Amino acid sequence: GLYWTVFGAADKPTRGKIGGTYGRGFEAYLHNRVRRAGFALDAYLESPLFADGAEVCDGLFVEGSSLILCEYKSSVLRADAKLSGRLDLLEPDICKKFVTGDEDGRKGIAQLSRSIERLLRGEAVIGLPSRNWSIVQPVMVCLEHAMLCPGMSGYLNSRFDRALLRKLSRSRITPLTLIDIEHFEDLL
């Protein structure tokens, strides 16, 4: 509601900036929630970077030899796509915002897949000790409640190619976990 109210009141140049700003605010909020939950500095990395400066993910939890890579998605589905009952409108919007991305870059699953691939190939992450990871778990935390409708987790996992990643390492790559912000807050 707040996002669309601000978006509707803004002029055209400002509208182009709102999405990115809102996304950064959403990410900062979740980082703050993790910190307030008491995770040690070395157990959670905010917006970790590869040695070349590319972002790994939005948040990275470290538990022994296990990694949990989180993408925080503030994107919302267009109302016409979500409410029309037409798959030809809904699926492209889901893909653009949660699966592949667009001309502005990778989104969601594509981001997680690429980062896991780079990790498994041994690329260094600033602030992360180098080790063989036994479990790598991708997680997408969504603000959009429609992303948790029945069948959505199965659909997204059908788009997440773990077979390719398993060929790179002995690490176990778990299926993508899809969670909404309320349940993420409850888990913290």
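This is a predicted model: local features need pLDDT of at least 70, side-chain atom pairs count only at pLDDT 80 or more; totals for chains, interfaces and linings use all residues.

Biologist: Let's start with H5; is it mostly buried or exposed, and why?

Modeller: Helix H5 is largely enclosed by the rest of the structure, because eleven of its twelve residues are buried. Among those buried residues are Ile109, Leu112, Ile116, Leu119 and Leu120, and the list also includes Gln111, Glu117 and Arg118.

Biologist: And what span should H5 have?

Modeller: Helix H5 covers residues 109-120, and at 1.5 Å a residue its twelve residues should span 16 Å, which agrees with the 16 Å between its end C-alpha atoms. Just after H5 comes Gly122, which takes a positive phi of about 95 degrees.

Biologist: What about H4, how does its span compare with a straight helix?

Modeller: A straight helix of 13 residues would span 18 Å at 1.5 Å a residue, but H4 spans only 15 Å between its end C-alpha atoms. Just after H4, Gly101 has a positive phi of about 100 degrees.

Biologist: Which residues of H4 are buried, and what covers them?

Modeller: The buried residues of H4 are Asp93, Ile94, Cys95, Lys97, Phe98 and Val99, and their cover includes S3, helix H3, strand S4, H5, S6 and H6.

Biologist: Switching topic, how many residues are in the largest nonpolar core?

Modeller: The largest nonpolar core has 32 residues, and those with the most contacts inside it are Leu67, Leu69, Ile116, Leu119, Leu128, Met147 and Leu156. The elements that give two or more residues to this core are strands S2, S3 and S6 together with helices H4, H5 and H6, and H5 gives the most, with five residues. As a general point, nonpolar side chains in soluble globular proteins tend to be buried together.

Biologist: You listed Met147 there; what does Met147 touch?

Modeller: Not counting residues up to four places away in sequence, Met147 touches Leu77, Ile94, Phe98, Cys142, Met152, Leu156 and Leu178. There is also a second, separate core of twelve residues, which includes Phe26, Tyr72, Ile179 and Ile181.

Biologist: Where is Ile181 found, and is it buried or exposed?

Modeller: Ile181 is found in helix H8, which runs over residues 181-187, and at 8% relative accessibility Ile181 counts as buried, because the cut-off for buried is under 20%. Leaving aside neighbours within four places in sequence, Ile181 is in contact with Phe26, Tyr29, Leu30, Val141, Cys142 and Leu143.

Biologist: Last one, the loops: where are Ser47 and Leu148?

Modeller: Ser47 is found in the loop between strand S1 and S2, and it has a positive phi of about 45 degrees although it is not a glycine. At 22% relative accessibility, Ser47 counts as partly exposed. Leu148 has its place in the loop between S6 and H6, and at 35% relative accessibility Leu148 also counts as partly exposed. Leaving aside its neighbours within four places in sequence, Leu148 is in contact with Leu178, Ile179 and Asp180.

Methods: Residues are numbered from 1 along each chain as its sequence is written. Side-chain values use heavy atoms; hydrogens and water are left out. Helices (H or I, at least four residues) and strands (E, at least two) are DSSP runs, numbered from the N terminus. The expected span of a helix is 1.5 Å times one less than its number of residues. Buried means under 20% relative accessible area, exposed over 50%, partly exposed in between (1.4 Å probe, protein chains only). A nonpolar core is a set of buried Ala, Val, Leu, Ile, Met, Phe, Trp, Tyr and Cys residues joined through side-chain atoms within 4.5 Å. Contact means heavy atoms within 4.5 Å.
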